[in-house]
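User: I would like to learn how to read a protein model carefully, one residue at a time. Could we go through it as questions and answers?

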Amino acid sequence: MLSRPAKELRKLEKIMDNAESYDEWLEAARAYDARSGADKWRQRDQTKLYDYAQIRRRLDALRHHRARHDNHGLLFTLNEGIHGNMGGMGKAELYRPARIGTKVLIEDYVDEIVDALEHIASLDDSEISREEKLDFFQRASHCYGRTALMLSGGGALGHFHIGVVKTLIEHDLLPNVISGSSAGSLVTAVFGTHTQRELEELVKPANLVAEVKKEASWMDRMLFGSGGQMDVHDLEETVARLVPDMTFQEAFELTGRNINISIAPADLHQTSRLMNAIASPNVYVRKAVMASCAVPGVYPPVMLEAKNVHGERQPYLPTWRWVDGSVTDDLPAKRLARLYGVNHYIASLINPMVLVTKDADGEHTFIPKAMREILHKRASKLAQTSSIVSQRYTYKWPRFNVIVNMFASVLNQEYSADINVYPNFRKFDMRKILSHLSESELMELVRQGEIATWKELDRIETSSKISMTLDSILERYGERDLRHVARKRKQKAAIATRRSRTRSSSAAVAAPKKAVAKQAAGKRPAGKKRVARKTTPAAG
């Protein structure tokens with residue numbers, strides 16, 4: 001039998017799981033932390049999970065310089081290191097004891113850095129030169145990195161992503177780098193091709209309900225219409241209604257967001273791609289979404305299209321066809337790191353594969369850890385077997401070989417990130433992943449996305465606050481100032497290189513002359529020792 005405190009905590013957990021608003025969830029979460037003792041844990045610096053002494057020293061140093069108006073000392077202290085995992089403060093374990101936040105010391109330290117950055121940015125150029133400030137902010141932004149949001153594939157569960165993104169928009173925490181595959185690609189495209197004002201209108205409850213009704217109606221026609229066949233034209237109509245007809249470059253210029261869509265090759269000898277404004281600026285977003293949603297065996301492979309220099313639509317890589325992006329690269333973390341300097345990832349995970357993969361946070365689903373380890377080992381072994389079969393036995397049948405390779409790729413992928421947001425799989429029948437969902441079921445998925453994000457909201461804010469501040473400061477300075485600093489930096493580097501070459505050249509020329517002079521001054525017959533000359537007194 002549960003004790004009274006345990007019953008109270010269980011009751012509060014149920015309130016959080018069924019909350020209809022963030023305020024309702026937050027009130028229950030605060031009560032939970034107060035009753036469980038998590039509040040007292042948060043107030044204490046000490047724990048073996050991170051180097052609290054180092055964080056305390058740096059926090060005291062920053063406050064000391066601010067209090068003494070020592071701006072150069074403050075800049076020097078900031079230059080010593082701005083790191084998201086300083087002293088291990090970014091560990092997931094630090095966010096488990098409390099439902100809200102982590103150690104107060106960590107939160108205070110992050111807030112102090114943000115305040116210090118804003119303070120340096122606001123200083124008059126006569127105190128710290130504009131060039132010196134910009135150089136620091138660029139270096140700090142490059143070293144600190146940035147956060148990306150990755151939306152996985154997952155069929156009918158895609159509406160879960162809407163709840164995740166909706167919550168991040170409402171709390172001004174949506175990263176500028178977003179990727180999506182399959183169902184996630186459509187959500188990525190919608191939120192990456194509309195302005196902030198349009199998105200705020202879209203996620204309002206009334207508008208969201210109206211949109212979900214359209215989605216439920218479309219799925220009803222698609223699955224239970226004439227012949228019960230999934231018609232690709234219905235998918236095209238939905239994509240056309242939700243995503244404006246623009247290229248990736250045009251989407252970036254409109255919103256400032258870097259959207260990325262994963263697509264997989266339908267052919268054997270091609271590799272997966274990540275479509276975005278850097279790698280494929282002229283490709284139409286709609287076509288990339290259609291390709292990423294082309295589930296093999298359900299929808300036909302898709303040919304991409306792009307806008308040429310005359311503004312005309314034309315085929316892009318016309319001999320190649322593309323399918324569901326989650327098959328080969330559901331969470332493209334490495335590519336995002338290379339393209340945008342991303343080193344911190346939030347993943348909205350609705351892919352059923354998360355049930356059998358290892359979790360960086362250690363708590364993906366209701367499946368026990370021991371069972372998950374067994375499933376993961378078997379999945380890995382099955383992936384290895386599939387690869388061997390593909391290489392040795394099915395290479396003569398290209399189509400079958402493609403299917404085997406896709407199967408192996410799905411099993412081999414890593415379905416985890418720094419912060420994992422995932423639905424409560426107990427509340428969803430996984431058999432419905434490719435079936436019709438009612439309006440109430442779709443809205444429940446959106447709500448589940450909101451609740452799952454509320455649980456991680458403080459961690460997301462603490463982890464991304466510094467990088468967002470740096471991006472905001474650099475944006476305020478503008479491209480002209482950034483180009484000026486970059487030009488100055490190149491000039492300094494060029495001058496240093498010329499001086500180095502000049503010194504090396506002078507040394508190279510001077511070395512033979514010095515050697516010759518030294519040899520001439522000290523030249524003696526070989527094998528003979530130098531004998532001191534005897535002097536005799538002059539005759540009187």
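Reading the model

User: At 11% relative accessibility, does Arg58 count as buried or exposed?
Analyst: The classes are set by cut-offs: buried means under 20% relative accessible area, exposed means over 50%, and partly exposed lies in between, with a 1.4 Å probe and the protein chains only. Because its relative accessibility is 11%, Arg58 counts as buried.

User: What kind of model is this, and how are its residues numbered?
Analyst: The model is predicted, so that local features need pLDDT of at least 70 and side-chain atom pairs count only at pLDDT 80 or more, whereas totals for chains, interfaces and linings use all residues. Side-chain values use heavy atoms, with hydrogens and water left out, and each chain is numbered along its sequence as written, starting from 1.

User: With which residue does Arg58 form a salt bridge?
Analyst: Side chains of opposite charge can pair when their charged atoms come close. The term salt bridge is used here for a side-chain nitrogen of Lys or Arg within 4 Å of a carboxyl oxygen of Asp or Glu. For Arg58 the closest N and O atoms of such a pair are 3.5 Å apart, and the partner is Glu80.

User: How many residues apart in sequence are the parts that Arg58 and Glu80 tie together?
Analyst: Helices (H or I, at least four residues) and strands (E, at least two) are DSSP runs, numbered from the N terminus. Arg58 lies in helix H4, residues 52–67, while Glu80 lies in the loop between helix H5 (71–79) and helix H6 (104–122), so the parts that the pair ties together are separated in sequence by 22 residues.

User: Which strand holds Lys307, the partner of Glu250?
Analyst: Lys307 and Glu250 form a salt bridge whose closest N and O atoms are 2.7 Å apart. This pair links distant parts of the chain, 57 residues apart, with Glu250 in helix H13 (residues 248–255) and Lys307 in residues 304–307, which form strand S5.

User: What are the relative accessible areas of Lys307 and Glu250?
Analyst: Both residues have to be judged separately. Glu250 counts as partly exposed at 27% relative accessibility. Lys307 is also partly exposed, and its relative accessible area is 26%.

User: What is the N to O distance between Asp125 and Arg130?
Analyst: Asp125 counts as partly exposed at 35% relative accessibility, and Arg130 counts as partly exposed at 33%. Their side chains meet in a salt bridge, and the N to O distance is 3.8 Å.

User: Where is His69, a residue with a positive phi?
Analyst: Phi of His69 is near 55°, which is a positive value in a residue other than glycine. With 64% relative accessibility, His69 counts as exposed, and its place is the loop between H4 and H5.

User: What is the relative accessible area of Ser182?
Analyst: Ser182 likewise has a positive phi, near 55°, in a residue other than glycine. Ser182 sits in the loop between strand S2 (177–180) and helix H9 (183–192). Ser182 is buried, with a relative accessible area of 6%.

User: Which residues does Thr462 touch?
Analyst: Thr462 lies in helix H18, residues 439–521, and is buried, with a relative accessible area of 13%. Contact means heavy atoms within 4.5 Å. Not counting residues up to four places away in sequence, Thr462 touches Tyr95, Ile106, Glu107 and Val110.

User: How far apart are the C-alpha atoms of Tyr316 and Tyr284?
Analyst: Tyr316 lies in strand S6, residues 313–316, and is partly exposed, with a relative accessible area of 23%. The residues that Tyr316 touches include Arg273, Met275 and Val283. Tyr284 is 32 residues away along the chain, and the separation of the two C-alpha atoms is 9.6 Å.

User: Finally, what percentage of the residues in the protein chain is buried?
Analyst: The chain contains 18 helices and nine strands. Of its contacts between residues at least 6 apart in sequence, 76% join residues at least 24 apart. Among the 540 residues in the protein chain, the buried share is 46%.
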